[in-house]
Amino acid sequence: MNSLVAQAEFSAPMDSKPNLWNTPPSTCSSYSSNSSESDASPFCSHRIPIAIVSGFFHSHRSLAVLSGHVGSVSCLALCGEFILSASQGKDIIVWQQPDLRVFAKFGQGDGSVKALASVGNKVFTAHQDSRIRVWKVSRSSENVFKLVDTLPTTKDYLGKFMKQSNYVQTRRHHKRLWIEHADSISCLTVYSGLIYSGSWDKTLKVWKLSDLKCLESIKAHDDAINGLVACKGVVYSASADGKIKAWGRKDGKGGHALKGILEGHKDVSFNAVVVSDDGKWVYGGGYVEEINVSKYH
């Protein structure tokens, strides 16, 4: 039976201030060799050891450990008053706060759950089988999450499968519709009426929240995409290719354009990315024992 630490309590001196936010970046990162991308890159970065981040808190203690998954816990999400946790065993558990009791369990599909995202009364789950599943609280029972759709939707398939120009080469002698991911979907984020999905197939796909239609597929990276986050009109994608890319909406158009690139040092592989609330600071974590910190101008 696998478990997760539900909450942690941190303490630090009242007069302590994280130096990270008060110290300006000292060196600029190296950017893509493509001059047009380099000129547009708004990043300036420096790296700090993980130990410094941990040092902001002098002590912490676990308040609870939640058990119940049949596989290792792969992702977490907040959904209103609930905590959602998913595992490599395909199951998703809904924990109710503040008593942290099990409120509901659901799950379906082939392969482990890789990512969770929620908006309103819907929950989106990304799976190893290259599908996104959409769940909604059942009207017949308030603690039952009902599967209502799978992305790409059947309607989306039917509207595109007859036209050869809608197919793209995914590997040798194999083609798929451009609306399909060709490998595990590793990350999700929902922002400004859109759903963004990142995959090990190196693409970033954009879906319309209202009708779940796939609007765009971007060849975003040279290796697997492992993390996504959106803030202040910018979507950041973190990849095993050692880059974090910033994407924004094209002026007067519906698509997205590359706004900037942050590269880590040689052989780094980014697994996660987060952004400060004001959108100025970007943090990337990878396989090396460092967190890459960048300032977005």
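Glu-180 counts as buried, at 13% relative accessibility (buried means under 20% relative accessible area, exposed over 50%, partly exposed in between, with a 1.4 Å probe and protein chains only). The side chain of Glu-180 meets that of Arg-131 in a salt bridge, 3.9 Å from N to O (a salt bridge is a side-chain nitrogen of Lys or Arg within 4 Å of a carboxyl oxygen of Asp or Glu). This is a predicted model, in which local features need pLDDT of at least 70 and side-chain atom pairs count only at pLDDT 80 or more, while totals for chains, interfaces and linings use all residues. Residues are numbered from 1 along each chain as its sequence is written, and side-chain values use heavy atoms, with hydrogens and water left out.

- Glu-180 lies in the loop between strand 13 (174-177) and strand 14 (185-191), and Arg-131 in the loop between strand 9 (122-127) and strand 10 (132-137), so their pairing ties together parts that are 49 residues apart in sequence. (Helices, H or I with at least four residues, and strands, E with at least two, are DSSP runs numbered from the N terminus.)
- Asp-99 pairs with Arg-101, the closest N and O atoms being 3.5 Å apart; Asp-99 is partly exposed with a relative accessible area of 48%, and so is Arg-101, with 40%.
- The count of salt bridges comes to five.

**Two serines in strands**

- Ser-237 sits in strand 19 (residues 234-239) and is buried, at 0% relative accessibility.
- The side chain of Ser-237 makes a polar contact of 2.7 Å with the side chain of His-221. (A polar contact is a pair of N or O atoms within 3.5 Å; within protein, one must be able to donate a hydrogen and the other to accept it, and residues adjacent in sequence count only if both atoms are side-chain atoms.)
- Not counting residues up to four places away in sequence, Ser-237 touches a set of residues that includes His-221, Ile-225, Leu-228, Ile-244 and Trp-247 (contact means heavy atoms within 4.5 Å).
- Ser-74 belongs to strand 4 (residues 73-79) and is partly exposed, at 31% relative accessibility.
- A polar atom of the Ser-74 side chain lies 2.5 Å from the backbone oxygen of Val-113.
- Beyond its neighbours within four places in sequence, Ser-74 is in contact with Ala-86, Ser-87, Gln-88, Val-113 and Lys-114.
- Ser-74 and Leu-116 are 42 residues apart along the chain, and their C-alpha atoms are separated by 9.5 Å.

**Backbone points worth a look**

- Most residues other than glycine have a negative phi, and most peptide bonds are trans.
- The peptide bond from Gln-97 to Pro-98 is cis, with omega near 5 degrees, and Pro-98 is in the loop between strand 6 (92-96) and strand 7 (101-106).
- A cis peptide bond also runs from Leu-151 to Pro-152, with omega near 0 degrees; Pro-152 is in the loop between strand 11 (145-151) and helix 4.
- Ser-130, in the loop between strand 9 and strand 10, has a positive phi near 70 degrees and is buried at 8% relative accessibility.
- Lys-202 has a positive phi near 80 degrees in the loop between strand 15 (194-199) and strand 16 (203-208), and is partly exposed at 36% relative accessibility.

**Whole chain and confidence**

- The protein chain has four helices and 24 strands, and buried residues make up 45% of its 297 residues.
- Of the contacts in the chain with a separation of 6 or more, 45% are between residues 24 or more positions apart.
- The mean pLDDT of the chain is 79, and 73% of its residues reach 70 or more (pLDDT is the predictor's confidence in each residue, from 0 to 100).
- Over residues 5-57 pLDDT stays under 50, and the model has 114 contacts beyond four places in sequence for this stretch.
- Where pLDDT is low, the predicted coordinates should not be read in detail.
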